[in-house]
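This report describes a structure from its sequence and coordinates.

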Amino acid sequence: METTKKIPVLLDGDPGHDDAMAMVLALASDLVEVRGMTVVAGNSTLQNTSRNAIRVLEWVGRADVPVCQGAAQPLMRGLEIADSVHGESGLDGPVFPPITHAPVEQNAWDFMAEKVRGSEEKTVLVGMGPLTNIAIFLLANPELHQKIARICLMGGAAVGGNWTPTAEFNIWEDAEAARIVFDAGIPITMCGLDATNKARPTLGDLARFHAIDTRGGRLVAGLMDFFKDQTLPGTDWLEVPMHDAVAVAAVVAPQVLTLRDCYVTVDIEGEHTQGCTVCDLRGVTGKAPNVQVAMDLDREAFIDLLAAACERLK
Amino acid sequence: MPVLLDVDTGIDDALALLYLLGEPRAKLLGITAMEGSVPLAQVARNTLAVLRLCGREDIPVALGAQKPLLGRFSPSGKVSIHGENGLGNVSIPDPVRRPAPCRAVELMARLIEESPERVTVVAVAAMTNLATFLLCYPHLKEKIEQLVLMGGAAWCRGNFSPVAEANIGRDPEAAQIVFSAGIPVKLAGLDVTYKAYVTAAERAAWRDCGTRAGRFAWEMFVHYAAFYEGAPGCALHDPLAAAWALDEALVKALPAHLEADLCGRYTRGATAVDVGGAKTGRPCNALVGVEVDREAFAHRLLAALRRLP
């Protein structure tokens, strides 16, 4: 049994600029112990997201964290990548040296099962991409559900969407997987667009990160630079939010979020609402809340949190 | 032929199992079980008890899903054709062993990995276990020779909803994952399984064939046959899938593009069968059974029951 005073955490994502920042936040935290990173296709192909995860870990000197590959496509649909956001490599911008490590020869869901089973404390899963890997893990291991403390995920929205008018990308990409995860009966913190759209650095913040002369600071500044030419009209806010980092903030600094208990399910077949996280904010269904929904984010506190993490990753 | 069987035993599941045990050309590697017309614990008990009856306690049984991939099973509330214990209320000795200490998908993976030859999977329950297996172990797809499935209703009415057959209707997402896995599928749906009936006289021959298995099969079907009063015989859905796995020629089938409907207001769980892919232009992923050589089928069943203890 692995024991630790820290919260055991498994990261699952599709790096991805904002995934990379989420990884920085988790790796720098004294509160959590990152026991592995599983990757899924989403922002980019599985091949790219695997390589990008390893790039980030090697960059910050944490190649000891095992990387495992999971699903190359959603449970039931073809893959649609978000290269319009993250570029051809899925992590365009910084120039990374060639990677020297390889993914572990184990499926993501088998790796998760091994880590969750082998941990004395309950494990927190952080979902930063489509929920395909986590759904397969949950389907295959019903007896391990009780050993999961919480699933903190970036996905969905109480209101609106970013990939369709009603759906956020991670949930839309694999709506069936999201339905499986939300219905599993495990405590969930959903960091959706309501909060993550606030996770936008300003050009001033960007200068602050450039001034942090650590491996963490150079990585995050380089990632933000990729988006610096797109600001919200009339503001100095970068247009692309650091969505996924909010899911890690929910674990390491939940005080930066305004959380609300709510019943949530995922629409999988709506003509216009595929992948919509249907949040019963007014309690009209009478169903018991199954999700903590992040309704708001303290932007300044969040930026401070990320900057402090960068300082620590020397 | 190495065979894996996935069941929710069930009267006709039990007969499919008896057939495979008594068919010398089949090598039954293992059985996986899921919740069905009776709870999973009862499915496990029934499956192990049938194996004990046949002296085949060497065959591993592992338990799998208790609910579909999405959502939950909704209880039908109807009187089950399978009886309260799932075996037509026939009493046979309890098993002396327990299911294997691993999950259904793990057993499937191990047996398929260890088999020198490609394995035939016969699935006669909702396809939840099979879909979960395919999601978990995509690299083992190439070691599956064929999937022979009892399920679907292409051109006849359903038995789960007006248009859906139960094995598909209970977990349409699982069925769709299985259909689209890129493995050759033989679909024994209601179109052909209702034609695969046995008459009262043929069932009497099971009783009189001199084996305990034959007698047991006959007893179970006393309950089952009551639901077919007025028909020439009772349909053997699951055994037909098992028999078709061994005998290509037993069933006349049409190559088709096959999908499970997931979203229809009235058609969720229906099988959309496009013969030759003519209407959709999509590739054929299945052979959909339409006719059966009924007498040959009945003959093979009896022969198998005769070979058992």
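## Interface between the chains

In this predicted model, 11 residues of chain A are in contact with 12 residues of chain B, contact being C-beta atoms, placed from the backbone, within 7 Å of each other. Helix 5 (132-140) and helix 7 of chain A each supply at least two residues of the side of chain A that touches chain B. Helices (H or I, at least four residues) and strands (E, at least two) are DSSP runs, numbered from the N terminus. That side of chain A has seven nonpolar, one polar and three charged residues. Here Ala, Val, Leu, Ile, Met, Phe, Trp, Tyr, Cys and Pro count as nonpolar, Asp, Glu, Lys and Arg as charged, and the others, Gly among them, as polar.

The model is predicted, and local features need pLDDT of at least 70, side-chain atom pairs count only at pLDDT 80 or more, and totals for chains, interfaces and linings use all residues. Residues are numbered from 1 along each chain as its sequence is written, while chains are lettered from A and ligands numbered from 1 in the order in which they are written.

## The sheet of chain A

Chain A has an open sheet of nine strands in the order 3-2-1-4-5-6-9-7-8, with mixed pairing; two strands pair if DSSP finds at least two bridges between them. Strand 3 (67-69) and strand 8 (277-280) of chain A are at the edges, each with a single partner strand, so one side of each has no neighbour in the sheet. From one strand to the next the twist averages 30°, where axes are lines fitted to C-alpha atoms, for helices over the stretch in contact, and angles run from 0 to 180 degrees between N-to-C directions.

Strand 1 (residues 7-13) and strand 4 (residues 123-127) of chain A pair in the parallel sense over four bridges, with Asp12(A) opposite Gly127(A) in strand 4. Helix 2 (residues 46-59) of chain A packs on the sheet, touching strand 2 (32-39) and strand 3, and its direction makes about 180° with that of strand 3. Helix 7 (residues 175-182) of chain A also packs on the sheet, touching strand 5 (148-154), strand 6 (188-191), strand 7 (257-266) and strand 9 (291-297). The direction of helix 7 makes about 110° with that of strand 7 of chain A.

Strand 7 and strand 9 of chain A pair in the antiparallel sense over six bridges, and Leu259(A) stands opposite Ala294(A) in strand 9. Strand 7 is also joined to strand 8 of chain A by four bridges, the two running antiparallel; here Val264(A) is opposite Cys279(A) in strand 8.

## Nonpolar core

The largest nonpolar core has 223 residues, of which Val24(A), Leu25(A), Leu18(B) and Ala241(B) touch the most other members. Such a core is a set of buried Ala, Val, Leu, Ile, Met, Phe, Trp, Tyr and Cys residues joined through C-beta atoms within 7 Å. A residue is buried if 20 or more other C-beta atoms lie within 10 Å of its own. Not counting residues up to four places away in sequence, Leu18(B) touches Val50(B), Ala213(B), Ala217(B), Ala304(B), Leu305(B) and Leu308(B).

## Chain B

Chain B contains 11 helices and 11 strands. Of its 309 residues, 55% count as buried. Helix 6 (residues 172-179) of chain B is mostly covered, with eight of its eight residues buried.

Strand 1 (residues 2-7) and strand 2 of chain B run parallel and are joined by six bridges; the bridge partner of Val3(B) in strand 2 is Leu28(B).

Notes: Contact = placed C-beta atoms within 7 Å. Buried ≥ 20, exposed ≤ 12 C-beta atoms within 10 Å, placed from the backbone.
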